[in-house]
Each structure stands twice: as C-alpha cells, then as structure tokens.
Amino acid sequence: MAQLITVFGATGAQGGPIVHSLLESGFRVRGVTRNPGSKKARALIAAGAEVVKGDLGNILSVEAAVKGAYGVFYVTNYWELFGRDQKTAYDKEIEQGKAVADVCKRERVKHVIYSALDAVKEKTGILCPHYDSKAVVDKYLDEIGVPKTSVCYPFYFEN
C-alpha cells in the first residue's frame, strides 16, 4: 500500500501543487484545509486525495490529520495571523508551528517537509518577523529530533 502523506494548506499556493505532485507519484494524500467544501478542495478529492477539515490553530484537528501519516508537509501563515501588531502574529506562528512539530514527533512521522525561511534577525540584526518566526520553528524541529527537509520559497511568482 502506498505511503500516506498529510499536506496542510492543501488548497493553498504551496500545498495544492504538492498534493497533485504526490498523487502523480503514487502516494496517498490527506489534504488538510479549513474549508473541505470549497471548489479547490473538491478538485483535490476528484484527483484522488482524501480531504479533511483542519486548522493549525486547532490541535485536535492537527492530531487527527497527522495520525497514521508517513510524512507531513506544512506551512504556517504569518500574514493570516497578523493583527494589530507583529509580535502577536510572530508568537502565534511559532506556537502553531511548534504544535505541529510536537504532534509529528508524538506520532512518529518518518519525515516532515517544513516551509521555512531564514533567520533574518540572527543574520543581519534586522527584525523580519514573518521570516524569523519560521526560522524559529525550523530550528525547533531540529531540536526535538524530527526528521525533516526545509524548503524556502521567499517569493511567489504571482507576487
């Protein structure tokens, strides 16, 4: 039986193409989205993915989505969390990213692919919260011993 890969943000700019690529490569895919009834989610189901409702801010949905998965891809979204101040989004993104890492560790996921970014403040002294928060999570995955590959997409072609 093909290995199961869980993809968070399955209907997003990163997750959607990853789901399709994994399906084309013969993997079973569990796509996680907040809106499994959306047009994009229905297209993933038609392509052969299992689509489940989930949210990085809801640990129970994260646990359910990761359960039984061989591998996990995830990306956190600083801009979605951005409210009145950068500090809140920074802290929340780290909290969510670490929570997914902890679940992957508990579930003994064999490999995680995390969409990370460089630690700008550490390298330059200039605070760049939407990069730095991802760098903190990336380092945390290493610290807790989760086997992982980091991918860095600093810009989207569409931007």
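The cover over the buried residues of helix α7 includes β4, α4, α5, β5, α6 (120-124) and β6 (148-151). Buried here denotes under 20% relative accessible area, exposed over 50%, and partly exposed in between, with a 1.4 Å probe and protein chains only. Contact denotes heavy atoms within 4.5 Å. Helices (H or I, at least four residues) and strands (E, at least two) are DSSP runs, numbered from the N terminus. The model is predicted, with local features requiring pLDDT of at least 70 and side-chain atom pairs counting only at pLDDT 80 or more, whereas totals for chains, interfaces and linings use all residues. Residues are numbered from 1 along each chain as its sequence is written, and side-chain values use heavy atoms, with hydrogens and water left out.

The buried residues of α7 are Pro129, Tyr131, Asp132, Ser133, Lys134, Ala135, Val137, Asp138, Tyr140 and Leu141. The end C-alpha atoms of α7 are 21 Å apart, in agreement with the 21 Å that its 15 residues should span at 1.5 Å a residue; the expected span is 1.5 Å times one less than the number of residues.

Helix α5 (residues 86-106) has 21 residues, and the distance from its first C-alpha to its last is 30 Å, close to the 30 Å expected at 1.5 Å a residue. Its buried residues are Ala89, Tyr90, Glu93, Ile94, Gln96, Gly97, Val100, Ala101, Val103 and Cys104. Elements covering these residues include β1 (4-8), α3 (59-66), β4 (71-74), α4 (78-81), β5 (111-115) and α7 (129-143). Threonine 88 also lies in α5, and at 43% relative accessibility this residue counts as partly exposed. Threonine 88 is 71 residues from proline 17 in sequence and 30 Å from it in space, C-alpha to C-alpha. Arginine 108, which follows α5, has a positive phi near 55 degrees.

The axes of α5 and α7 come within 9 Å and cross at roughly 25 degrees. Axes are lines fitted to C-alpha atoms, for helices over the stretch in contact, and angles run from 0 to 180 degrees between N-to-C directions. The two helices are therefore roughly parallel to each other, where angles under 35 degrees count as roughly parallel, over 145 as roughly antiparallel, 65 to 115 as roughly perpendicular and the rest as oblique.

Ile59, Val62, Glu63 and Val66 of α3 make the contact with Ala99, Val100, Val103, Cys104 and Arg106 of α5.

Rings of Phe, Tyr and Trp (its six-membered ring) pair if their centres lie within 6.5 Å; planes under 30 degrees apart count as stacked, over 60 as edge-to-face and the rest as tilted. By this rule there is 1 aromatic pair. The ring centres of tyrosine 74 and tyrosine 114 are 4.8 Å apart and the planes lie at 50 degrees, so the pair is tilted. Tyrosine 74 is in strand β4 and tyrosine 114 in strand β5, so the pair ties together parts 40 residues apart in sequence. Tyrosine 74 counts as buried at 0% relative accessibility, and tyrosine 114 counts as buried at 0%.
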